[in-house]
Amino acid sequence: MRRPLVAGNWKMNGLRASINALMDGVITGSSGLGSTDIAVCPPFVYLAQVHSQLATSQVALGAQNVSHESPGAFTGEISADMLKDQGCAYVVVGHSERRSLYGESDDLVARKYAVVQKAGMIPILCVGELLEERESNQTEAVVARQLDAVVNMCGIASFAHAVIAYEPVWAIGTGRTATPQQAQDVHAFIRTRLRDLDAKIADGVRILYGGSVKASNAAEIFAKPDVDGGLIGGASLKAEEFLAICKAAAA
Ligand code: PEP
């Protein structure tokens, strides 16, 4: 039985005061949600603030990105050890905004995944196809390519300490959600591909869905057998909405 995980990706949003208020709401409302793992991924500069607010709460801290380099002369970059030192348990790697806006390749994403694990944290590996790729029936080929880059560099065993997020790019921030069956089909494809390499690891790995998940559509998506929770963007910026999504994962 896989324990659901709901992770909020705040992207480049929030300031000290609004983050304080958001976290107050999330912490208070999450206290009765013991059967779901919950994480929040603030911008780097607010990690310490959020970490101190989390204190004894069950909500975990995550980061949205990491450098693949070891500490040294890399101006403006943040290393995996620094994120671990700030209390992060998770790090998102390969988000489609990083892949498309900052040109992150499959190889670079795999290197980031590797450094996150080496530092003792759990990578949330995002994969997903563009709209034109779905429309030309390339969804499985794209997701397989993105996944294989990590399997080839880090090995199937590494997925015992990783989370996968299937995020169709056409559904991110667009209000257009994949149908529960579209999500299930790709999640099952991912799990089957991993099962061919190691059945135990494939059955244990959590595969989150991301792309315009809201309180109103979360339950039917999370009800699918291979959907183990969600990676939530816009809806994670409102405590009440985010908590309702966490509740849907617990049901
Ligand atoms: C995301 O950025 O990972 C995401 C899923 O965004 P949204 O929920 O806003 O579509």
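A polar side-chain atom of His-95 sits 2.8 Å from an oxygen atom of the ligand. That makes a polar contact, which is a pair of N or O atoms within 3.5 Å (within protein, one must be able to donate a hydrogen and the other to accept it, and residues adjacent in sequence count only if both atoms are side-chain atoms). Keep in mind that this is a predicted model, where local features need pLDDT of at least 70, side-chain atom pairs count only at pLDDT 80 or more, and totals for chains, interfaces and linings use all residues. Residues are numbered from 1 along each chain as its sequence is written, and side-chain values use heavy atoms, with hydrogens and water left out.

| Residue | Protein atom | Distance to a ligand oxygen atom |
|---|---|---|
| His-95 | polar side-chain atom | 2.8 Å |
| Gly-173 | polar backbone atom | 2.6 Å |
| Ser-212 | backbone N or O atom | 2.7 Å |

Taken alone, the ligand exposes 290 Å², and the protein buries 96% of that. Such areas come from the Shrake-Rupley method with a 1.4 Å probe; for residues, only the protein chains shown count as cover.

So who else is around? The ligand has 14 residues surrounding it, and Lys-11 and Glu-167 are among the closest; to be near, a residue needs a heavy atom within 4 Å. The shell is made up of four nonpolar, eight polar and two charged residues. In this sorting, Ala, Val, Leu, Ile, Met, Phe, Trp, Tyr, Cys and Pro are nonpolar, Asp, Glu, Lys and Arg are charged, and the others, Gly among them, are polar.

Now for Gly-211. You'll find Gly-211 in the loop between strand E7 (206–209) and helix H10 (215–222). Helices (H or I, at least four residues) and strands (E, at least two) are DSSP runs, numbered from the N terminus. Is Gly-211 buried or exposed? Gly-211 counts as buried because its relative accessibility is 5%, and buried means under 20% relative accessible area (exposed is over 50%, partly exposed in between; 1.4 Å probe, protein chains only). Leaving out residues up to four places away in sequence, Gly-211 touches Glu-167, Ala-171, Ile-172, Thr-177 and Leu-231, where contact means heavy atoms within 4.5 Å.

Stepping back, the chain has eleven helices and eight strands. Of its 251 residues, 51% count as buried. Along its principal axes, the C-alpha trace spans about 45 × 45 × 35 Å.
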